[in-house]
Amino acid sequence: MSTPRFSPTTTTVVFVLGGPGSGKGTQSANLVRDYGFTHLSAGDLLRAEQVREGSQAGELIRTYIREGKIVPMEITVKLLSDAMAETLVAGTNPAANAGSKPRFLVDGFPRKLDQAVFFEDTVCPSEMTLFLDCPEEVMEARLLKRGETSGRDDDNAESIRKRFRTFVETSMPVVEAFAAQGKVVSVKATGDVGDVYKRIRAGLLEKGLNPL
């Protein structure tokens, strides 16, 4: 058994999961502001890596993304792990600078159970997973609205339904596995953004995580 790169006694990792359009980006921004998290998006890291000069994995990532396949988890997990290390070396984690344990908010990952296991075995066991529970019809309405201005190819009804199916089939087992360990804060992600955030704060407080 390899030892994780970071210890949960010195580093706090929170995963944010939810279907497409459940509000992960919006609520992540609130959590960064109030809780001193460094926000890590697996998708953003992969997009940056595929265009980074001298990247050994760039071409491989481009091929996988172009073909609509999931990038091998070893690559994604390494990018997340290195981003955490860089943040700590640079001294840019707000929680750490406020005298607390460094806090990392990992958004949109793990998407599958094997990714979750691999991350916890090699990088850091997570403190908890924040699950934004949102009905499909609400997410579809939000994404279609966003699609009017986002320019994203996948903000259309057919793609949205496919993404939702994928989430239910591959990501819900992650939520269920962490729930069985008592490590999930499940929040109804419907209604006003501010109301959803209040529910999140209450859920985090129950798990002992306070704002800075």
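Let me start with Arg 163, which sits in helix H8. This is a predicted model, and in it Arg 163 has a relative accessible area of 21%, so it counts as partly exposed. The cut-off for buried is under 20%. In sequence, Arg 163 and Pro 20 are 143 residues apart, yet their C-alpha atoms are 6.8 Å apart in space.

Arg 163 also takes us to the largest pocket. Arg 163 is among the residues that lie nearest the centre of that pocket, together with Arg 47, Arg 111, Arg 152 and Asp 154. The lining as a whole has 48 residues. Several elements give two or more residues to it: strands E1 and E2, and helices H1, H2, H4, H7, H8 and H9. Which of them gives the largest share of the lining? That is H8, with 7 residues. As for volume, the largest pocket comes to about 1700 Å³. By residue type, the lining divides into 20 polar, 15 nonpolar and 13 charged.

Now the annotation. An unreviewed UniProt entry lists these residues under "binding site": Arg 47, Lys 69, Ile 70, Val 71, Gly 108, Phe 109, Pro 110, Arg 111, Gln 115, Arg 152 and Arg 163. They span 117 residues in sequence, and the farthest two C-alpha atoms are 25.8 Å apart, so the listed residues do not all gather at one spot. The lining of the largest pocket includes Arg 47, Lys 69, Ile 70, Val 71, Gly 108, Phe 109, Pro 110, Arg 111, Gln 115, Arg 152 and Arg 163.

Let me place a few of these. Arg 47 belongs to helix H2, which covers residues 42-51. Its relative accessibility is 48%, so Arg 47 is partly exposed. Lys 69 is found in the loop between helix H3 (58-66) and helix H4 (73-90). For Lys 69 the relative accessible area is 48%, and this residue too is classed as partly exposed. Pro 110 lies in another loop, the one between strand E3 and helix H6 (113-122). What kind of peptide bond joins Phe 109 and Pro 110? It is a cis bond, with omega about 0 degrees. As background, most peptide bonds are trans.

Strand E3 runs over residues 103-107. Is E3 largely enclosed or largely open? 5 of its 5 residues are buried, so E3 is largely enclosed by the rest of the structure. In a regular strand the side chains alternate between the two faces of the sheet. In E3 both faces are covered. Arg 103, Leu 105 and Asp 107 are buried on one side, and Phe 104 and Val 106 are buried on the other.

E3 has pairing partners. Strand E1, residues 12-18, pairs with E3 in the parallel sense over 5 bridges. Within that pairing, Phe 15 has Val 106 as its bridge partner in E3. Strand E2, residues 37-41, also pairs with E3 in the parallel sense, over 5 bridges. There, Ser 41 stands opposite Asp 107.

Next, the second largest pocket. About 290 Å³ of space lies in it. Its lining has 13 residues, and the closest to its centre are Glu 49, Arg 52, Lys 78, Leu 79 and Asp 82. Helices H2 and H4 each supply at least two residues of this lining. The largest share, 7 residues, comes from H4. By type, the lining residues of the second largest pocket divide into 5 nonpolar, 2 polar and 6 charged.

Last, the chain as a whole. Its secondary structure comes to 9 helices and 5 strands. From the N terminus on, the order is β-α-β-α-α-α-α-β-α-β-α-α-β-α. Of the 212 residues, 43% are buried. Along the principal axes, the C-alpha trace spans about 45 × 45 × 30 Å. How does the radius of gyration stand against that of a compact globule? For 212 residues a compact globule would have a value near 17 Å, and the chain has 17 Å, which agrees.

Conventions:
Residues are numbered from 1 along each chain as its sequence is written. This is a predicted model: local features need pLDDT of at least 70, side-chain atom pairs count only at pLDDT 80 or more; totals for chains, interfaces and linings use all residues. Side-chain values use heavy atoms; hydrogens and water are left out. Buried means under 20% relative accessible area, exposed over 50%, partly exposed in between (1.4 Å probe, protein chains only). Helices (H or I, at least four residues) and strands (E, at least two) are DSSP runs, numbered from the N terminus. Two strands pair if DSSP finds at least two bridges between them. UniProt positions are given in the numbering used here, feature names are shortened, and annotations may be inferred rather than shown by experiment. On a 1 Å grid over the protein atoms alone, a cavity is a set of points where a 1.4 Å probe fits but cannot get out, and a pocket is an open set with protein on both sides within 12 Å along at least five of seven lines; lining residues have an atom within 4 Å of a point. Grid points are joined across faces, edges and corners, and a volume is the space filled by probe spheres set on the points. Ala, Val, Leu, Ile, Met, Phe, Trp, Tyr, Cys and Pro count as nonpolar, Asp, Glu, Lys and Arg as charged, and the others, Gly among them, as polar. The radius of gyration is taken over C-alpha atoms; the globule rule is 2.2 Å times the number of residues to the power 0.38.
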